Amino acid sequence: MSKREEFLAGERVEDVAFFLHEDAVGNLSALDDYAEQVADGVVLVVDGDSGRSAFQSATGIDPMGLAREAMQTDGEINRDLTGGVCPAAEDGVGDHAAKFVFAFAEEQNEEVGGVYAEGDVIHAYGVCTCGERYSEKWVVGDE
């Protein structure tokens, strides 16, 4: 099982995962030793603190700031973390592709209730080429 598969199964809640589109990163091949190649870019799964730092270095975006902004707009993130559907794409105008996706997992917490009582939760945040920032969360296994 790959690190990404383990992350998506809720087995790596101490880590973060992020997708970098091939057009959004200057030297994608520099990540070959650390990243999983996917159709339009790479996905990295990295220890939480190091991963947040690596995401910010690669994108210039503070991941916690991204989370705060993106939570305000519901969107659709691919369950394999390789992109998403920008909510602004509904207007049919412009180019819409996910440049970046940042995700973390939260362990099941029955005390909090709601979706968190149902199982581990993946929180994912997307950044579109149009600039829109959006989010989605889901319970592991309910994809």
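**Stop one: the cysteines**

Select Cys130 to begin: with a relative accessible area of 40%, Cys130 is partly exposed. Bear in mind as you look around that this is a predicted model.

A disulfide here would need the two sulfurs within 2.5 Å.

Next, pick Cys86. Is Cys86 buried or exposed? Cys86 is buried, at 5% relative accessible area. How many disulfides does a search of the whole structure find? The count is zero.

**Stop two: a pair of helices**

Colour residues 48-59, which make up helix H2, and residues 63-70, which make up helix H3. Their axes are 9 Å apart and the helices pack at an angle of about 80°, so H2 and H3 are roughly perpendicular to each other. To see who does the touching, show side chains for Arg52, Phe55 and Gln56 on H2, and for Pro63, Met64 and Leu66 on H3. By class, that contact has four nonpolar residues, one polar and one charged.

Stay on H3. Which of its residues are buried? Select Pro63, Gly65, Leu66, Ala67 and Ala70. The cover over these buried residues includes H2, along with strand S6 (98-106), strand S7 (121-128) and S8.

Then click on Glu69, also in helix H3. Glu69 counts as partly exposed, at 43% relative accessibility.

**Stop three: Glu136**

Last, jump to strand S8, residues 133-139, and select Glu136. What does the side chain of Glu136 reach? One of its polar atoms is 2.7 Å from the backbone nitrogen of Ile77, and a polar contact of 3.0 Å joins the Glu136 side chain to that of Arg79.

Widen the view to the rest of the surroundings. Leaving aside neighbours within four places in sequence, Glu136 is in contact with Gly75, Glu76, Ile77 and Arg79, as well as with Ile122, His123 and Ala124.

Key: Residues numbered from 1 in each chain as written. Predicted model: local features only at pLDDT ≥ 70, side-chain atom pairs only at ≥ 80, totals over all residues. Heavy atoms only, no water. Helix = DSSP H or I, 4+ residues; strand = E, 2+ residues; numbered from the N terminus. Polar contact = N/O pair within 3.5 Å; in protein donor to acceptor, adjacent residues only side chain to side chain. Contact = heavy atoms within 4.5 Å. Axes fitted to C-alpha atoms, helices over the stretch in contact; angles between N-to-C directions. Parallel < 35°, antiparallel > 145°, perpendicular 65-115°, else oblique. Nonpolar A, V, L, I, M, F, W, Y, C, P; charged D, E, K, R; others polar. Buried < 20%, exposed > 50% of the residue type's maximum accessible area, 1.4 Å probe, protein only.
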